[in-house]
Each structure stands twice: as structure tokens, then as C-alpha cells.
Amino acid sequence: MTIFSFTPGIIFLIGSICTFLFKKRFIKALPIIIPILSLLTLTSFTESSTLSIPFLGYTLGLLRVDSLSLTFGYLFTIFSFFAFIYGLKIANSREYTAALFYIGSALSVIFTNDFITLYIFWELMAVSSVFLILLSKTENSFKSSLRYIIVHLVGGLILLAGIVIHIHSTGSTEFTALTLNSISSGLIFIGFLINAASIPFSSWLSDAYPESTLMGGVILSSITTKTAIYTLIRGFSGTDILIWLGVITAIYGIVYGLIENNVRRSLSFSVINQVGFKLVGIGIGSPLAIAGVCAHVVCGVIYNSVLWTSAGNLIYLTGKHKYSDLSIFNRRLPLLLLLAIIGALSISSFPFTSGYISKSIILKSVELAHLFTPWLLLEFASFGVVLLVFCKFIYHAFFYKNSFGVVKNISNQLNPLMLFSSIIFSAACIYLGLFPKIVYEIIPFSKYLMAKIPSDFIAIYSKSEKLIITLQKFIFAVLAYVLFSKYIPSKNSIFIDFDWLYRKLLRFLSVFFISFVDFVYLSINSLVVGLISKMIYFFNNSLSLLIYVINLPSLRLSNIQINRYQLLKQYHSIIIKNGFPFVLIGSFIFILSIALYLISI
């Protein structure tokens with residue numbers, strides 16, 4: 001087996017090192033070649049391809065190939081090719097170094113078969129991805145990157161604790177399905193949830209992604225949460241709590257996205273919303289649900305890329321990041337508007353787009369599981385996606401005229417390479433909406449899926465009842481936005497998020513902990529200082545005390561009035577003046593005698 005069989009991610013990692021070492025002679029074709037080499041490696045794999053090595057008495061499974069890992073591997077590799085094309089004009093060698101290392105680490109997580117290797121690449125993902133935020137070189141990006149790395153390192157420590165306990169209790173490092181019946185599995189579960197941006201750990205995503213570079217935002221929105229979704233599928237399929245976490249996450253993303261003014265922050269909440277649907281499918285855990293989650297991951301990466309590349313084009317052209325700073329200029333950019341509409345329609349599950357295909361599978365699995373309340377709430381969340389992305393993003397980014405008037409001075413010209421990636425992703429949205437079989441054939445449980453769900457165009461869209469209901473819901477959502485949009489706040493305001501709870505809680509806990517530590521320290525310090533003072537006094541006056549004890553009977557018999565402190569002071573003065581060399585000797589003998597006596601008891 002060749003070195004490239006280690007994991008397709010190794011090619012990205014080698015490419016990252018090359019771009020770092022040769023940044024002065026950086027050739028922008030290199031990042032484009034790397035995904036192609038990785039894709040060729042993937043095509044050579046079979047489900048019997050494995051690679052294991054011994055490590056400290058354990059076996060590390062560095063390569064596991066099955067339909068699940070291949071689905072995510074193909075997706076990440078093909079996506080990175082077009083994402084790197086998108087960044088050819090706007091990204092420098094340092095940004096490509098971070099992006100290559102980040103995607104390489106993610107691919108290595110996907111193909112690993114043990115917890116130790118998974119953890120190593122999990123942390124490398126966190127460290128490398130933070131540079132895609134830092135390289136934006138703004139004050140906000142620095143603050144966001146600091147918070148981002150803290151959250152992910154804390155999540156990594158939680159994951160590490162779970163892994164260590166799991167290996168200690170089971171004696172195995174293999175990454176297999178787990179159940180929430182132990183402390184170790186619970187810690188691993190929380191570690192995965194943090195990266196998935198599930199409630200209540202989602203605030204880092206909406207805080208960090210909008211501050212990233214333009215290419216970084218496209219990559220981050222498509223990799224981190226999807227890698228966590230993969231680990232949850234692999235480790236916690238059928239975990240019931242994920243159903244309700246997913247429902248709350250889906251609704252949460254809509255509510256906060258609607259009141260957000262920043263363009264990419266609003267889209268970040270749509271990413272969180274889509275994570276909610278996937279968590280519900282994983283929680284159900286049926287073959288249809290898992291197939292639906294995998295299909296939704298594929299389609300989600302594509303239509304999220306359309307939206308994020310469109311938003312990036314918008315920001316690149318105008319230099320504006322907020323809806324309130326944008327105005328009408330869509331007539332000058334009809335193609336960009338069309339691409340953004342395709343992405344918005346797809347995430348809104350509009351017929352003939354990829355979102356309609358994948359999301360309907362998850363909703364069908366919820367329906368077959370007889371989960372009426374989650375199904376109803378997910379339908380509500382689907383309704384909200386139309387409001388958030390199709391209505392708000394399209395209207396405010398391209399049609400809304402604010403008090404500042406029309407933006408006349410566009411800072412840059414529309415870049416063909418950036419536009420090319422958006423066109424490819426948009427075309428994929430339409431193609432998969434019409435012919436989803438190409439995705440159905442590679443995802444897990446594909447035979448079961450195609451037996452339950454139609455896969456050709458005529459079978460999918462011949463059911464006029466479902467098609468009409470979907471169109472009715474879409475039109476009703478648009479009408480609702482038109483009627484009530486003025487009541488939806490969209491301004492520069494700070495809204496209380498879930499992170500407020502643990503930020504406040506941690507603040508009070510830290511204050512309490514520091515105060516408690518100070519109290520304990522001062523108490524111990526006072527006790528020790530007092531004890532040492534008494535010992536010093538005793539050792540310094542030990543010979544005087546011995547003379548006093550010897551003379552005490554005769555003094556009592558003489559009926560002389562005794563002043564102990566005055567006598568001790570007098571004896572001490574005499575000893576110091578007349579027998580200083582013998583003071584230490586006497587003290588030592590006295591203390592040694594007491595010690596020997598105590599030992600002999």
C-alpha cells in the first residue's frame with residue numbers, strides 16, 4: 001500500500017506544507033492540483049482498503065473505507081477544488097496553507113478508524129481553521145478567532161477526556177458506535193456536539209464565520225459542522241436526545257437569522273438551521289433517516305456554497321457587510337442575482353432544486369417514525385428558511401433601497417473565477433434537483449433509499465399533490481414576509497444568545513472559584529505562618545525553657561513570687577551572653593531527645 005493510502009487528507013497536508021515552505025515562489029495552480037490528486041486516490045479505494053499500525057500497545061486504524069467515509073471524502077475533495085478556484089484572485093499563500101491543512105485534517109478525521117488518530121486531526125482542524133479567521137486582519141476577526149479557538153480547544157479537551165476514559169474502560173481505541181450509558185460516551189458526545197454547532201454550543205459559529213476571509217467563509221461553512229455530523233452518524237445514530245436538540249437548533253437558527261443585520265452572520269444562522277435537520281435524522285437513526293442526512297449533507301454543502309460565494313462576491317464588489325449598508329444595484333449584476341436566487345431556492349426546498357430532494361427524505365423519515373411534534377416543528381423551520389434566505393437575503397441584498405440611496409461606486413469588478421465557482425455550485429443545485437440518482441447511488445443505504453424514495457425525474461415530480469403543497473407553502477411564506485417584514489428587527493443590535501448563559505455562569509463560577517482559592521490559601525498561609533512563628537519561638541527559647549523547668553521546683557519551695565516571662569527573658573539573656581555556642585547544641589539535643597522519645601512510644 002502506498003503512502004497515499006494512509007488517508008486522502010495526507011495529500012492536502014503535504015500541499016499545505018509546500019505552500020508554506022515555498023510561499024515566495026507560490027504557484028496558485030498548486031492548490032487546484034491537490035484536490036485532483038486526492039480525488040484520484042479516492043477512486044482507487046475499495047471497501048477492503050485498510051491500514052493499521054501498532055501504537056503503545058494499541059492498534060491505530062488509519063484508514064477505514066466504506067460508503068459513509070467515501071461520501072464525505074468525495075464531497076470534501078470536489079468542493080475544495082471549486083472553493084480554491086473561487087479564492088485564486090482574493091486569497092494569498094498563507095490562506096491556502098491554512099485551508100489545505102484544515103481540509104486535510106478533516107479528510108483524515110473522515111477516514112480514521114480509531115479515537116487517538118481522530119483526536120489528533122480533530123485538534124489540527126481547530127488550530128488550522130482559526131487562521132482562516134485571523135487572516136481577515138480586522139479587530140473583530142482577532143476577537144472572534146480568540147473566542148473560536150477557546151471554544152474548540154475546550155471542546156477538544158472534553159473529547160480527549162471522554163476518549164481517555166473510554167480507552168481505559170474498554171481497552172480499545174476503535175471508533176465504533178456508542179451509547180449514552182457512561183461518562184466517557186457522554187463526554188465524547190458533547191465534544192462532537194460543540195463542533196456540530198448544536199444548541200447550546202452554536203454561538204461560536206455565528207460569531208466566527210462572518211469575520212473570516214471570503215474564501216475562508218465558504219470553506220468553514222462547508223467543512224467543520226459536516227465533519228461533526230459524520231462523527232455523530234458514526235458514533236451516535238439512534239440517540240433520541242438528538243431529535244429534540246435538532247428541532248431546537250433548526251428553529252433557533254431561523255429566529256436569530258431573521259433579526260441579524262450582517263449578511264454573512266445571517267447566513268451563518270442558516271447553517272445552524274440546516275444542522276438541526278441533520279441532527280434530527282441522526283437521532284432517528286433509521287436507514288432512511290441516515291441516507292437522508294447524508295444526502296442533505298451533500299446538497300447542503302452545494303447550496304451553502306452558492307449562498308456564501310454569492311455573499312462573498314457581494315462583499316468583494318461593495319466592501320459592505322451589512323444589509324443596512326447595501327442598496328439597489330441588481331440591475332448591474334443580473335447574473336449574480338440569478339445565482340443567489342438559485343441558492344436561496346435550494347435551501348428553501350423549492351421544487352427542481354437539490355434542497356427539495358434531500359430535505360424531503362429527512363421529513364419522510366420523521367413522518368414514518370410517527371414523531372408528529374418534531375415533524376410539525378421542522379415544517380415550521382422549513383417555512384422559516386424561506387423567510388430568512390429567500391426573502392431576507394435576496395430582498396435586502398439586491399432590492400432593498402435604504403436611506404443612503406443607490407450604491408453607485410462599486411469598489412471592485414466582478415471576478416470571473418469567483419463567479420465561475422458560484423455558477424458550478426448553482427448548476428449542481430439544479431442538476432441534483434432534477435436527477436438525484438447520482439447522489440443516491442453513493443450514500444449509505446442507497447438500495448433501501450431508492451426502494452422507498454423515487455429517484456428519477458418523472459417519479460419525483462409526477463406527484464402533483466406534494467408539489468402543489470410545497471409551492472403553496474413557499475408562496476405563503478413569501479406573502480407573510482411581505483406583510484410582516486416591517487415588524488422584524490434588522491439593525492445593529494446585540495441580542496442575548498445561548499452563550500450568554502454559560503458566559504455569565506462561567507464568570508460567576510470563576511469569581512467564586514478564585515475567591516474560594518484565595519480564602520483557602522490565606523487560611524493555610526495564616527496557619528502555617530503562625531505555626532512556624534511558634535516553632536521559631538520554641539526553638540529559640542528551648543534552653544531557657546529547660547533551665548526554667550529544672551529550677552521551677554526550687555523556686556516553688558522558696559516561696560519566691562514567680563514571673564515566668566521575666567525569668568525566661570533573664571535566662572535567655574544569660575545564655576546569649578555567656579554560652580552562645582552551646583545554645584544551638586542544647587536546643588538540638590533537647591529536640592533530638594523529644595523526637596527519639598516520641599519514636600520509641
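Gly155 sits in helix H6, which spans residues 139-170. This is a predicted model, so everything here describes computed coordinates. Is Gly155 buried or exposed? Its relative accessibility is 2%, and because buried means under 20%, Gly155 counts as buried. Setting aside residues up to four places away in sequence, Gly155 touches Gly191 and Ile194. Another residue to look at from here is Ile188, 33 residues apart from Gly155 along the chain; the C-alpha atoms of the two are separated by 9.2 Å.

Now step back to the whole chain. The protein has 601 residues, and 53% of them count as buried. Its secondary structure comes to 24 helices and 2 strands. If you take the contacts between residues at least 6 apart in sequence, 80% of them join residues at least 24 apart.

Next comes the nonpolar interior. In soluble globular proteins, nonpolar side chains tend to be buried together. In this model, the largest nonpolar core has 162 residues, and the members that touch the most others are Phe84, Ile219 and Phe393. Which helix gives the most to this core? That is helix H12 (residues 287-318), with 21 residues.

Two packed helices are described by the angle between their axes and the distance between the axes. For helix H3 (residues 67-86) and helix H9 (residues 214-236), the axes come within 10 Å and cross at roughly 175 degrees. H3 and H9 are therefore roughly antiparallel to each other.

Our last stop is helix H15, seen through two of its partners. How do H10 and H15 lie relative to each other, and at what crossing angle? The axes of H10 (residues 241-258) and H15 (residues 372-399) come within 9 Å and cross at roughly 25 degrees. That angle makes H10 roughly parallel to H15. The crossing of H10 and H15 is left-handed. Among the residues that meet here are Trp244, Val247, Ile251 and Ile254 from H10, and Leu377, Phe380, Ala381 and Leu388 from H15. The contact of H10 with H15 has 15 nonpolar, 4 polar and 1 charged residues.

The other partner is helix H14 (residues 354-368), which packs with H15 at an angle of about 160 degrees, with the axes 9 Å apart. H14 and H15 are therefore roughly antiparallel to each other. Their crossing is left-handed. From H14, the contact uses Lys359, Leu363, Val366 and Glu367; from H15, Pro374, Trp375, Leu378, Glu379, Ser382 and Val385 take part. These residues of the contact of H14 with H15 divide into 6 nonpolar, 1 polar and 3 charged.

Technical notes: Residues are numbered from 1 along each chain as its sequence is written. This is a predicted model: local features need pLDDT of at least 70, side-chain atom pairs count only at pLDDT 80 or more; totals for chains, interfaces and linings use all residues. Side-chain values use heavy atoms; hydrogens and water are left out. Axes are lines fitted to C-alpha atoms, for helices over the stretch in contact, and angles run from 0 to 180 degrees between N-to-C directions. Helices (H or I, at least four residues) and strands (E, at least two) are DSSP runs, numbered from the N terminus. Angles under 35 degrees count as roughly parallel, over 145 as roughly antiparallel, 65 to 115 as roughly perpendicular and the rest as oblique. A crossing is left-handed if the near helix is turned anticlockwise from the far one by less than a right angle, and right-handed if clockwise. Contact means heavy atoms within 4.5 Å. Ala, Val, Leu, Ile, Met, Phe, Trp, Tyr, Cys and Pro count as nonpolar, Asp, Glu, Lys and Arg as charged, and the others, Gly among them, as polar. A nonpolar core is a set of buried Ala, Val, Leu, Ile, Met, Phe, Trp, Tyr and Cys residues joined through side-chain atoms within 4.5 Å. Buried means under 20% relative accessible area, exposed over 50%, partly exposed in between (1.4 Å probe, protein chains only).
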